[in-house]
Amino acid sequence: MPGPHGLFPPAAPERPARPGTFRRIVATFAPYRRKVGFVGLLILVIAGIGLINPLLIKVVFDDVFLSNAPDSDRWRTLLIVVGIMIASPIVSGALGLWQTYTNNLVGQSVMRDLRNSLYSHLQHMSLRFFTSTRTGEIQSRLSNDVGGVQAVLTDTASSILSNLTTVISTVVVMFLLSWELTLLSLGILPFFMLLSRKVGRVRREL
């Protein structure tokens, strides 16, 4: 409820996770470890395919535009490079669909296991628990809380791995293309991180 000045009271501070929570979360993925590993492999492959085109652009300039090879050889090289540039997004998109399907399959399977475990736990609770606990709280645990876990399992975890893989592989390719420009780019990165942190702090307060 709003306070005397029309302002909402600050939210309660988040409690730290209980010891062993992370271990319990990882244990829920144990029956699906092969599919999880397959999702990770697909993420690595997709990230690698995404780095093909920047390397091929360097090949176009070095072996086609700036090369002294015969025109027939340069045309052949250009056609091969263009063919790979066209095929790589198609292959990456198909693998991305496969990765999304497998990722959601694992996430939904884990959510089913969590819901079954939660239902089983509720069925073994005493009658006093149901008389002293509001029905809305139980419904919230069954829907909202489990749904929040589902979003983490299906979206956040794979996004973190995908972004981390993309960042590492991109930095490696940048060094291969031009280590001078790479050092310059990484040198100004802390400034933008500091600026983003300050802006984020202001937005959080607002």
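## Opening question

Is Leu-186 buried, partly exposed or exposed? Leu-186 is partly exposed, with a relative accessible area of 34%. Buried stands for under 20% relative accessible area, exposed for over 50%, and partly exposed for what falls in between (1.4 Å probe, protein chains only).

## Model and conventions

This is a predicted model, in which local features need pLDDT of at least 70 and side-chain atom pairs count only at pLDDT 80 or more, while totals for chains, interfaces and linings use all residues. Residues are numbered from 1 along each chain as its sequence is written, and side-chain values use heavy atoms, with hydrogens and water left out.

## Overall fold

The chain has seven helices and zero strands. Its element order, read from the N terminus, is α-α-α-α-α-α-α. Helices (H or I, at least four residues) and strands (E, at least two) are DSSP runs, numbered from the N terminus.

Along the principal axes, the C-alpha atoms fill a box of roughly 90 × 45 × 30 Å. Of the 206 residues, 19% count as buried. Among contacts (heavy atoms within 4.5 Å) with a separation of 6 or more, 71% join residues 24 or more positions apart.

## Helix packing

Two packed helices are described by the angle and the distance between their axes. Here axes are lines fitted to C-alpha atoms, for helices over the stretch in contact, and angles run from 0 to 180 degrees between N-to-C directions. Angles under 35 degrees count as roughly parallel, over 145 as roughly antiparallel, 65 to 115 as roughly perpendicular and the rest as oblique.

Take helix 2 (residues 33-50) and helix 3 (residues 52-65): their axes come within 5 Å and cross at roughly 25°. Helix 2 is therefore roughly parallel to helix 3. Gly-48, Ile-49 and Gly-50 of helix 2 meet Ile-52, Asn-53 and Pro-54 of helix 3. This contact has three nonpolar, three polar and no charged residues. The classes are nonpolar (Ala, Val, Leu, Ile, Met, Phe, Trp, Tyr, Cys and Pro), charged (Asp, Glu, Lys and Arg) and polar (the others, Gly among them).

Next, the axes of helix 3 and helix 4 come within 10 Å and cross at roughly 170°. So helix 3 is roughly antiparallel to helix 4. By class, their contact has eleven nonpolar, three polar and two charged residues.

## Two threonines

Thr-102 sits in helix 4 (residues 71-123). Thr-102 is buried, at 6% relative accessible area. Its side chain reaches the backbone oxygen of Trp-98 at 2.9 Å. Leaving out residues up to four places away in sequence, Thr-102 touches Lys-35, Phe-38 and Val-39.

Thr-133 lies in the loop between helix 5 (127-132) and helix 6 (135-177). Thr-133 is buried, with a relative accessible area of 17%. The side chain of Thr-133 reaches the backbone oxygen of Phe-129 at 2.8 Å.

## Back to Leu-186

Leu-186 belongs to helix 7 (residues 179-205). Leu-186 touches Val-171 and Phe-175, residues up to four places away in sequence not counted. Leu-186 and Val-171 are 15 residues apart in sequence and 9.1 Å apart in space, C-alpha to C-alpha.

Methods
Polar contact = N/O pair within 3.5 Å; in protein donor to acceptor, adjacent residues only side chain to side chain.
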